[in-house]
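Keep the picture open as you go through the sections.

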Amino acid sequence: MMAAVVLAAPVSIRAWGMDVHRFLTKRALDGLPSDVKPFFDARRDFIVEHSADPDLWRVVGLKSDLGDEDPNHFLDIDALDDVPPFTHVPHDWKAFVAKYGAERANKAGRLPWRAEEMYGRLVAAFRDMGRPNRSAYVADNARYISAVLAHYIEDAHVPFHAVQNYDGQETNQHGIHSRFETELVLRNLQTLKLTPVAVRPVGNVREFVFGAIVESQSLVADVLRADRLATEGRAVYDDGYYAAFGSRALPIAEKRLSDAASAVASVIVAAWTDAGKPALPAQESKSPARIRR
Ligand SMILES: [Zn+2]
């Protein structure tokens with residue numbers, strides 16, 4: 001009975017489907033520049049698989065210093081008494097809490113700050129890579145944190161991770177979250193028109209994520225409209241619905257998937273650069289451990 005309750009948790013509500021996370025992370029790794037790519041290629045499957053982990057943490061109700069895992073995956077930027085481009089929303093967590101109160105702040109979401117936290121951990125892990133007597137675990141730590149950071153960066157690019165009406169519940173379009181970000185994408189996975197991954201300067205990662213969220217919010221109205229038009233005269237979400245929905249919504253999904261993969265690659269390169277560009281060998285050298293006496 002308990003297991004059934006856990007499995008019934010609404011994990012699919014606010015997440016690119018796990019398969020979409022894996023797809024995006026794979027794409028980002030394939031687009032990395034040659035000075036870091038072999039390091040990730042050596043454990044590509046491991047990183048791709050773990051980029052879905054943060055959604056599993058929500059299923060089991062994991063908590064961290066900031067609270068429940070769930071709000072780490074979104075920021076409902078339109079729930080904060082401001083209008084686009086939301087310049088009055090504080091970007092500093094303490095100022096954000098001071099303005100809205102802890103309960104409302106946490107309910108709106110913490111995605112930019114969670115991404116910033118993981119970015120800091122990745123920079124630290126890359127710095128450890130540059131130390132002479134590093135332990136054997138350091139390389140996989142850096143890879144694992146890269147996978148987790150990729151997840152949050154990907155989430156920031158989903159329109160429905162940026163708004164209160166995250167599942168169409170306010171406009172009678174229930175289930176739009178997964179129809180757009182999972183079902184539509186998986187139905188078209190083989191024929192998606194994506195732009196090549198481009199590594200760009202990131203600057204401050206928190207600001208970078210805020211920028212992605214503001215852009216995500218700006219796309220919601222068009223996706224909702226596409227859904228409304230596609231449901232007209234239909235009783236079920238069938239192939240015809242997805243064809244009609246996709247005619248307007250698929251280009252938006254393709255743009256966000258393209259942007260997300262480029263953002264993940266950019267953020268990984270930025271963290272490595274901030275760490276002083278340590279050498280990232282594809283394989284750990286296997287010199288035998290010294291016997292301590
Ligand atoms: Zn997520």
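## Ground rules

Helices (H or I, at least four residues) and strands (E, at least two) are DSSP runs, numbered from the N terminus. This is a predicted model, in which local features need pLDDT of at least 70 and side-chain atom pairs count only at pLDDT 80 or more, while totals for chains, interfaces and linings use all residues. Residues are numbered from 1 along each chain as its sequence is written, and side-chain values use heavy atoms, with hydrogens and water left out.

Let's begin with the loop between strand E2 (67–68) and H6, where proline 85 is found. A cis peptide bond links proline 84 to proline 85, with omega at about 0°. Phenylalanine 86 is in the loop between E2 and H6 too, and has a positive phi of about 60° although it is not a glycine. As background, most residues other than glycine have a negative phi, and most peptide bonds are trans.

Is phenylalanine 86 buried or exposed? Phenylalanine 86 is buried, because its relative accessible area is 3% (buried means under 20% relative accessible area, exposed over 50%, and partly exposed in between, using a 1.4 Å probe and protein chains only).

Just after H6, glycine 101 has a positive phi of about 85°.

Within helix H6 (residues 93–100), the buried residues are Trp93, Phe96 and Tyr100. Viewed down the axis of H6, they fall within an arc of 60°, so they line one face of the helix (the arc is that of the directions from the helix axis to the C-beta atoms). An α-helix has 3.6 residues a turn, so residues three or four places apart point the same way. Lys94 and Ala98 are exposed, on the face of H6 turned away from its buried side. The cover over the buried residues includes helix H7 (102–108) and helix H8 (111–129), where contact means heavy atoms within 4.5 Å.

## H10 and its partner H12

H10 packs against helix H12 (residues 239–274) at an angle of about 90°, and their axes are 9 Å apart. Axes are lines fitted to C-alpha atoms, for helices over the stretch in contact, and angles run from 0 to 180 degrees between N-to-C directions. H10 and H12 are therefore roughly perpendicular to each other (angles of 65 to 115 degrees count as roughly perpendicular, under 35 as roughly parallel, over 145 as roughly antiparallel and the rest as oblique).

Among the residues that meet here are Phe180 and Leu184 in H10, and Phe245 and Leu257 in H12.

## A buried histidine

Histidine 161 is found in the loop between helix H9 (138–156) and helix H10 (176–187). Histidine 161 counts as buried because its relative accessible area is 1%. A polar atom of its side chain lies 2.6 Å from the backbone oxygen of histidine 73.

Key
A polar contact is a pair of N or O atoms within 3.5 Å; within protein, one must be able to donate a hydrogen and the other to accept it, and residues adjacent in sequence count only if both atoms are side-chain atoms.
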